[in-house]
Amino acid sequence: MLTPDEEFNESDISVTTANTTATEQVRIDAPPANFTVNITDVESPITENETANVTVNVSNEGGRTDTQNITLTSANFTDENSSEVEIAPGNNSTVELELETEYGEADTGTITVTSDDGNTDTAGIEVQATSFF
């Protein structure tokens, strides 16, 4: 059996018949890391030219420790933000990302968080227009 940080384990396997015994060494590889993402909190609504904080739970559901970038993007807003996180198999980590908005970006849109494995989660966000008096 593999421990959480082992990439592989080698074992001898023997098969015995009435006349012969054959032994072969086999290698069992741990499955690769698999980072899943879940947006748990989005600061919304915010006013344009402000920064929205986005909280993401990242879990490694694979069999190896890995380091991956967790990236925040949106088709509605120009900013992109990422953070690097290392997680052992079966563990998770909380990542804080930010979406910086600019004047003229008042909109209701969607943000997407993606791991290097390609796993994604989406959430809605509202950026309100600045009031000038």
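This note goes through the predicted model point by point, from the overall fold to single residues.

1. Basis of the note. Residues are numbered from 1 along each chain as its sequence is written, and side-chain values use heavy atoms, with hydrogens and water left out. Because the model is predicted, local features need pLDDT of at least 70 and side-chain atom pairs count only at pLDDT 80 or more, while totals for chains, interfaces and linings use all residues.

2. Fold and overall dimensions. The protein has ten strands and zero helices, where helices (H or I, at least four residues) and strands (E, at least two) are DSSP runs numbered from the N terminus. With a radius of gyration of 23 Å, well over the 14 Å that the globule rule gives for 133 residues, the protein is more spread out than a compact globule; the radius is taken over C-alpha atoms, and the rule is 2.2 Å times the number of residues to the power 0.38. The C-alpha trace spans about 95 × 20 × 20 Å along the principal axes.

3. The protein exposes about 8000 Å², of which carbon and sulfur atoms supply 41%; accessible areas come from the Shrake-Rupley method with a 1.4 Å probe, and for residues only the protein chains shown count as cover. Among contacts (heavy atoms within 4.5 Å) between residues at least 6 apart in sequence, 59% join residues at least 24 apart.

4. The five-stranded sheet. An open sheet with mixed pairing has the strand order S4-S10-S9-S6-S7, where two strands pair if DSSP finds at least two bridges between them. S4 and strand S7 (81-87) stand at the edges with a single partner strand each, so one side of each is left without a neighbour in the sheet.

5. Pairings made by S9. Strand S9 (residues 107-115) runs antiparallel to strand S10 (residues 120-128), and eight bridges join the two. Asp107 has Val127 in S10 as its bridge partner, while Thr114 stands opposite Thr120 in S10. These two strands form a hairpin with four residues between them, and Gly118 in the turn has a positive phi of about 95 degrees. S9 is also joined by four bridges to strand S6 (residues 66-73), again in an antiparallel arrangement, and there Thr71 stands opposite Thr114.

6. Strands S1 and S2. Ile13, Val15, Val26 and Ile28 make a nonpolar surface patch of about 320 Å², and the elements that give two or more residues to this patch are S1 and strand S2 (21-29). Patches are made of residues with over 30% relative accessible area and no salt bridge, with like charges joined within 9 Å and nonpolar side chains (Val, Leu, Ile, Met, Phe, Trp, Tyr) within 5 Å; a salt bridge is a side-chain nitrogen of Lys or Arg within 4 Å of a carboxyl oxygen of Asp or Glu. Val26 has its place in strand S2 and is partly exposed, with a relative accessible area of 30%.

7. Glu10. This residue is found in strand S1 (residues 8-16) and counts as partly exposed at 41% relative accessibility. Leaving aside neighbours within four places in sequence, Glu10 is in contact with Gln25, Val26 and Arg27. Glu10 and Ala30 are 20 residues apart in sequence, and their C-alpha atoms are 11 Å apart in space.

8. Two loops with backbone features to check. Ser44 and Pro45 are joined by a cis peptide bond, with omega about 5 degrees, and Pro45 has its place in the loop between strand S3 (35-42) and strand S4 (46-47). In the loop between S4 and strand S5 (51-60), Asn49 has a positive phi of about 75 degrees although it is not a glycine. Asn49 counts as partly exposed, at 40% relative accessibility.

9. Ser59. This residue lies in strand S5 and is buried, with a relative accessible area of 15%. Not counting residues up to four places away in sequence, Ser59 touches Asn34, Phe35, Thr36, Asn91 and Asn92.

Notes. Buried means under 20% relative accessible area, exposed over 50%, partly exposed in between (1.4 Å probe, protein chains only).
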